[in-house]
Amino acid sequence: MQDNYELCSIVLKAAEAFTLHHSDKASFEIGNGALAVPIKLRDEEVGYVFLGQGRLLVDAIVETEEGAFGKPVQRVLDEPFLMLGDAERVSQHFSRVSSDELKRTATNESNL
Amino acid sequence: MKFAARAKLYIFRFQFDICQIWTDGLEIKYGENEMSDELKEEMRKLKEEMAGLKDQLKDMAGEGRGRRRGMYIDFGNSVQGYVDDVMQGVAEGVHGELEKSIFIGPGGCRMWRGHRHEREGEEEGKIDFGQTAKAMSALGQEHRLKVLDALMSGGKYINELQEELKDITTSTLSSHLDVLEEVGLVVQEKVRGRYLITMPGRTAYQMARQVSRFLEAGEEE
């Protein structure tokens, strides 16, 4: 049987900024108010499509015996991006958005 | 096939009146049949145990609902893997660059002259006075030299530096670190927050040490 990923018809919104991934060398944060659409596989949430500000920090620094080399790199992502996995952990940071709220958001953005 | 071959052999031997060997053969044969049943039983038990272990393994691997089917990507591990690959690439690049451009000897680091000539528009011996003055100005402070000295043994968090340099207040230490970072003698990791001494920082520290030795030698004379 072939598995098909499906995009849900509901839209979620991040109630607060949160860290999506953190390790010694990298961190990825999702900004407050970011929107997310769940991705389903066999009726289970397996990931999200995010729309909103994300901040990626990577310490591209190498420690050598002769001193450190490199610099930290920071990048702001404001284009839609996809995440698969850890859906259950991420879901707690989102709440459902009503269609009215979505319309207001769209209107505000178009006025900018 | 094996049984048939062995049976033929026994008959052959019997025909040549080697009864004892034939009898021994029968006994062995009989014994093997008994062993075979035991082995079958052992095999059956082993199979049951293996099936149980497989189930346990499946349960352990499928703690997350999504992972049970082995279909989904663990986002954290994926990013970690990606970052590790990037860092490995950076490390290899740096290593290659070091090999071709910097000579590290007992006196410290220095540019390999042949490589420096390859750079377009760069005149031999020309000093960037502004940048050099800034770096030397950053070095011209006792506390900042102490900070560099503390970082020579490896990267440290600000509280570790504070612990080591008790005569410097936290706010003063932060401003010294900012100055050192601005001129590139120190770099701060943005994720973990550790401060590391850079290659120019190490060279500057070695230069300061040479100056100190020179002055000490002068005083002795």
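Two residues are in contact if their C-beta atoms, placed from the backbone, lie within 7 Å. This is a predicted model: local features need pLDDT of at least 70, side-chain atom pairs count only at pLDDT 80 or more, and totals for chains, interfaces and linings use all residues. Residues are numbered from 1 along each chain as its sequence is written, with chains lettered from A and ligands numbered from 1 in the order in which they are written.

**Exercise 1.** Find the residues that B:Val186 touches, leaving out those up to four places away in sequence.

**Exercise 2.** Describe the largest nonpolar core.

*Solution.* A nonpolar core is a set of buried Ala, Val, Leu, Ile, Met, Phe, Trp, Tyr and Cys residues joined through C-beta atoms within 7 Å. Buried means that 20 or more other C-beta atoms lie within 10 Å of a residue's own. The largest core has 20 residues. B:Leu151, B:Leu185, B:Val186 and B:Leu196 have the most contacts inside it. A second, separate core has 15 residues, including A:Ala34 and A:Phe50.

**Exercise 3.** Work out how α6(B) and α8(B) pack.

*Solution.* Helices are DSSP runs of H or I, at least four residues, numbered from the N terminus. The angle is about 75 degrees, and the axes are 10 Å apart. So α6(B) is roughly perpendicular (65 to 115 degrees) to α8(B). From α6(B), B:His143, B:Arg144 and B:Val147 make the contact. Among their partners on α8(B) are B:Thr172 and B:Leu180.

Technical notes: Buried ≥ 20, exposed ≤ 12 C-beta atoms within 10 Å, placed from the backbone. Axes fitted to C-alpha atoms, helices over the stretch in contact; angles between N-to-C directions. Helix = DSSP H or I, 4+ residues; strand = E, 2+ residues; numbered from the N terminus. Parallel < 35°, antiparallel > 145°, perpendicular 65-115°, else oblique.
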